[in-house]
Amino acid sequence: MRSSFIVIACLLGSLAIALGAFGAHVLASSIPESRQATWATAVEYHMFHVLGMLALAAVFRDVQSRWVMGAQVSFTIGICLFSGTLYALVVFDVPALGAVTPLGGLCLILGWLCAGRAAFTSDDSRDV
């Protein structure tokens with residue numbers, strides 16, 4: 001399962017680069033600065049959490065942990081909900097999408113809490 005999250009992280013990373021370039025080269029001339037800032041926030045959080053996913057896979061490469069799995073799943077869902085709704089908000093200008101964004105943020109926070117728990121319990125045989 002660990003390699004699946006590495007593949008997912010790599011795909012999400014390439015998507016972050018593509019969306020960052022799209023925002024900088026295509027959207028920049030057609031949307032207001034405030035929406036450009038929203039797009040940049042989406043790209044930043046997207047990429048930071050991709051890097052977090054890859055770091056977890058590397059640090060816990062020899063550890064089987066439900067907490068690492070929880071972190072990876074939470075990061076994946078969080079990226080989709082947090083960054084995804086911000087991207088959609090900018091492109092489609094539907095303010096109601098902003099109501100979903102905090103759920104994505106909660107998933108990202110949960111991912112970091114799971115990662116911390118994984119680190120705390122990584123030497124504990126009960127976490128296997």
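V43 sits in helix 2; helices here are DSSP runs of H or I, at least four residues long, numbered from the N terminus. This is a predicted model, in which local features need pLDDT of at least 70, side-chain atom pairs count only at pLDDT 80 or more, and totals for chains, interfaces and linings use all residues. Residues are numbered from 1 along each chain as its sequence is written, and side-chain values use heavy atoms, with hydrogens and water left out.

Is V43 buried or exposed? V43 is buried, at a relative accessible area of 17%, because buried means under 20% with a 1.4 Å probe, protein chains only. Leaving out residues up to four places away in sequence, V43 touches A16, L19, G20 and Y87; contact means heavy atoms within 4.5 Å. Other buried residues of helix 2 include W39, H46 and M53.

Now the packing. Two packed helices are described by the angle between their axes and the distance between the axes. Helix 2, residues 33–59, packs against helix 4, residues 101–121, at about 20°, and the axes are 12 Å apart. Axes are lines fitted to C-alpha atoms, for helices over the stretch in contact, and angles run from 0 to 180 degrees between N-to-C directions. Helix 2 and helix 4 are therefore roughly parallel, the word for angles under 35 degrees.

Which residues make the contact? Helix 2 supplies Y45, H49, G52 and L56, and helix 4 supplies L108, W112 and A115. From V43 to W112 is 69 residues in sequence and 18 Å in space, C-alpha to C-alpha.

Key: Helix = DSSP H or I, 4+ residues; strand = E, 2+ residues; numbered from the N terminus. Parallel < 35°, antiparallel > 145°, perpendicular 65-115°, else oblique. Buried < 20%, exposed > 50% of the residue type's maximum accessible area, 1.4 Å probe, protein only.
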